Amino acid sequence: MASPLRFDGRVVLVTGAGGGLGRAYALAFAERGASVVVNDLGGDIKGLSKGSLAAADKVVEEIRSKGGKAVANYDSVEAGEKVVRTALEAFGRIDVVVNNAGILRDNSFGRISDEDWDIIHRVHLRGSFQVTRAAWDHMKKQKFGRIVMTASASGIYGNFGQANYSAAKLGLLGLSNTLAIEGQKSNIHCNTIAPAAGSRMTQSIMPEDLVEALKPDYVAPLVLWLCHESCEENGSLFEVGGGWIGKLRWERALGAIVRQKNQPMTPEAVKANWKKICDFDNASKPQRIQESIGSIIEVLNKIDSERGVSTNPTSHAASTATSEFAGAIGHKLPPFSSAYTELEAIMYALGVGASIKEPKDMKFIYEGSTDFSCLPTFGVIIAQKPIVGGELSGIPGFSVNLEKVLHGEQYLELYKPLPRAGNLKCEAVIADVLDKGSGLVILVDVYSYFEEELVCYNQFSIFVVGSGGIGGKRTSDKVKVALAVPNRPPDAVLRDTTSLNQRHSEINFIKALKGQKRLGAPDQVEEMRSMVKEMKGHLDTQDVNVGITRAPLPSSERLNAGFESRKHHMNLETKNVHISVGLFYSPIVKKKNKHIALFLLLTAVDLKSGSGKVYQGPAKGSADATFTLSDEDFMDVVLGKLDPQKAFFNGRLKARGNIMLSQKLQMILKDYAKL
């Protein structure tokens with residue numbers, strides 16, 4: 001049996017805890033070791049009278065009589081600082097806030113007074129804001145916090161006579177979603193519940209037998225789990241009641257593009273596409289605002305490229321998907337070889353966490369071991385060239401923007417142990433293309449052979465952001481499904497952090513692989529699937545002063561006199577054109593007395609017309625493609641020492657715009673460049 005969830009050492013604040021749901025939460029937290037602040041004004045459900053302070057005192061006495069720790073607080077939630085101060089003075093910290101306090105002022109919309117509207121928002125929405133804000137900085141400093149907001153089915157679905165109440169309750173959901181985003185880096189999680197329970201607020205509108213069936217005790221377990229330190233849930237909404245719990249999420253129809261490039265948008269076009277606008281078949285389920293904005297931007301891109309609406313949008317989307325995908329599915333990418341020695345196998349093992357501290361790891365990191373072998377997951381590295389090498393841009397029928405490619409899921413199947421060193425022949429094929437609405441998923445199958453014998457098989461699931469929504473299928477029988485998860489608790493649970501020495505452009509995949517070698521004998525692994533739960537990143541720009549200096553193209557004299565700089569010249573000689581590119585930089589970015597160079601390109605090269613015309617100064621008009629990289633990396637690309645595709649995936653080369661135009665630049669650099 002799993003260990004009970006404990007809250008020893010945690011301080012929990014529950015508002016409106018004098019009865020009903022709040023009382024059930026307070027008692028449950030205290031029973032499991034928490035120190036509890038029981039907040040309650042002792043008023044009636046309309047907030048018209050304070051009544052007595054006995055409600056909070058009674059719950060505190062219940063907790064103490066059972067050996068628990070609790071104190072009472074009688075302040076309004078609108079005085080959030082006072083409420084939280086009680087926790088700090090009594091117990092020295094605040095770990096959990098359950099915003100439960102609330103009142104009712106029900107009336108039909110036309111009869112709601114200003115007072116009825118305002119007091120509902122002050123208690124529910126403003127009160128939760130005030131209490132949570134008072135606790136926020138304390139949670140950030142201690143790098144831990146759990147917050148629960150109490151919404152309502154009325155806020156989610158609406159309810160006659162509760163316009164004020166439903167508006168405030170849905171407002172709490174929006175507040176919670178934003179706090180979940182802002183608090184995540186500080187290990188502060190915020191979730192929302194919409195409970196159905198018998199309480200002072202529902203006893204007048206629910207039959208007595210239903211009030212009994214919907215006990216607050218049936219809601220408390222969810223609240224405790226969401227507030228436990230081991231719970232990673234964040235930014236979610238749950239309906240709960242009577243022993244049932246269900247998670248809710250937004251769903252969005254694929255929709256329709258209802259305007260054409262350089263054409264007005266009309267209500268008639270909206271009417272004509274209304275069925276598709278409201279069709280939830282193959283609906284997407286956006287979870288972040290970036291997905292919402294990203295889909296709008298993608299629509300704009302489609303319109304600008306004249307892939308917008310037609311007179312028959314449904315058939316247009318279907319035919320587009322059919323014609324585009326037909327040329328891709330079954331397409332064989334160029335065959336390739338993957339040669340490696342013991343050194344590459346060892347470097348990989350070290351990269352995913354093998355260590356001399358683990359005796360069983362020695363056979364993966366010391367070539368002198370009698371049983372030296374490759375980690376099974378090295379089979380993924382052998383097969384990934386088409387993914388990281390840019391071959392996806394050559395899929396017939398539709399273009400793949402490599403800027404928007406993400407590595408999704410990974411499937412690996414081994415048929416025999418990998419050789420300790422060798423040269424494997426690999427064949428790759430596009431197994432299928434799926435339309436997920438917000439993007440396309442490309443399934444790439446890669447078969448790797450050693451001496452004509454199949455050694456391993458990979459399936460890469462590649463997500464292309466913003467390219468979906470054109471009517472393709474959402475599922476496929478080509479997707480490799482891992483073995484069903486047994487219906488029992490896991491045999492082992494491992495949590496690990498990728499060290500700073502292991503950063504990689506495919507960090508999500510490495511992170512998923514890192515702990516697997518400790519779950520059993522790695523050389524006995526035959527099949528695995530990996531998915532990443534989350535990735536976190538933070539960039540601190542404090543104490544960075546940035547200045548930008550603009551200057552005309554200087555002569556060499558002005559360059560030497562005016563800047564402490566160095567200058568590079570690269571001569572590109574094509575059949576008909578001689579190109580000279582000059583670069584200089586000035587130390588204008590300063591951080592803690594260290595200078596960082598900002599590069600300025602002083603000569604523009606016109607590749608759009610194909611002539612390679614050179615002129616001084618910035619590009620004339622907007623650039624179709626922009627590439628950013630350091631001068632050292634630029635020279636390495638020109639010399640052939642650095643593959644630009646690898647530089648892109650390693651983050652050393654930034655690309656924007658139509659990067660397919662890079663093929664022209666690459667041809668010049670590769671075939672005609674002379675230094």
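How many residues lie between S11 and S12 in the hairpin that they form? In this predicted model, the two strands are separated by 3 residues, and Gly 437 in the turn has a positive phi of about 85°. Strand S11 comprises residues 422-435 and is joined to S12 by 10 bridges, the two running antiparallel. Within this pairing, Val 429 stands opposite Asp 445 of S12.

Strand S12, formed by residues 439-450, is mostly covered, with 9 of its 12 residues buried. On its way to strand S13 (residues 453-465), the chain makes a further hairpin, in which 2 residues separate S12 from S13. The turn of this hairpin contains Glu 451, which has a positive phi of about 55°. S12 and S13 are antiparallel and are joined by 12 bridges; Ile 442 is found opposite Ile 462 of S13.

Strand S11 also pairs with S9, in the antiparallel sense and over 5 bridges. Here Tyr 340 stands opposite Gly 422 of S11. Thr 341 occupies the loop between strand S9 (336-340) and helix H13 (342-351). Thr 341 counts as partly exposed because its relative accessibility is 38%. Although Thr 341 and Ala 421 are 80 residues apart along the chain, their C-alpha atoms are separated by 4.5 Å. Apart from neighbours within four places in sequence, Thr 341 is in contact with Arg 420 and Ala 421.

A further element of the model is an open sheet of 8 strands with mixed pairing, in the order S3-S2-S1-S4-S5-S6-S7-S8. Strands S3 (69-73) and S8 (244-248) stand at the edges; each has a single partner strand, so one side of each is left without a neighbour in the sheet. On average, and with direction ignored, neighbouring strands of this sheet are turned by 20° against each other. Strand S1 (residues 11-14) runs parallel to strand S2 (residues 35-39), and 4 bridges join the two. Leu 13 has Val 37 of S2 as its bridge partner.

Helix H4 (residues 114-142) touches S1, strand S4 (96-99), strand S5 (145-150) and strand S6 (188-195), and its direction makes about 170° with that of S4. Helix H6 (residues 163-183) packs on the sheet as well, touching S5, S6 and strand S7 (237-241); its direction makes about 160° with that of S6. The loop between S4 and H4 contains Asn 100. With a relative accessibility of 11%, below the 20% cut-off, Asn 100 counts as buried. Beyond its neighbours within four places in sequence, Asn 100 is in contact with Thr 15, Gly 16, Leu 21, Gly 22, Tyr 25 and Thr 150.

Helix H19 spans residues 631-639, among which Asp 631, Asp 633, Phe 634, Val 637 and Val 638 are buried. These residues lie on the same side of H19 because they cover an arc of only 160° around the axis. An α-helix has 3.6 residues a turn, so residues three or four places apart point the same way. At the start of H19, a side-chain oxygen of Ser 630 comes to within 3.2 Å of the backbone nitrogen of Asp 633. After H19 comes Gly 640, with a positive phi near 85°.

Taken as a whole, the protein contains 21 helices and 22 strands. Of its 675 residues, 42% are buried. Among contacts with a separation of 6 or more, 68% involve residues 24 or more positions apart. The average pLDDT is 76, and 67% of the residues score at least 70. Where pLDDT is low, the predicted coordinates should not be read in detail.

Definitions and conventions: Residues numbered from 1 in each chain as written. Heavy atoms only, no water. Buried < 20%, exposed > 50% of the residue type's maximum accessible area, 1.4 Å probe, protein only. Arc of directions from axis to C-beta. Polar contact = N/O pair within 3.5 Å; in protein donor to acceptor, adjacent residues only side chain to side chain. pLDDT = per-residue confidence, 0-100. Pairing = 2+ DSSP bridges. Axes fitted to C-alpha atoms, helices over the stretch in contact; angles between N-to-C directions. Contact = heavy atoms within 4.5 Å.
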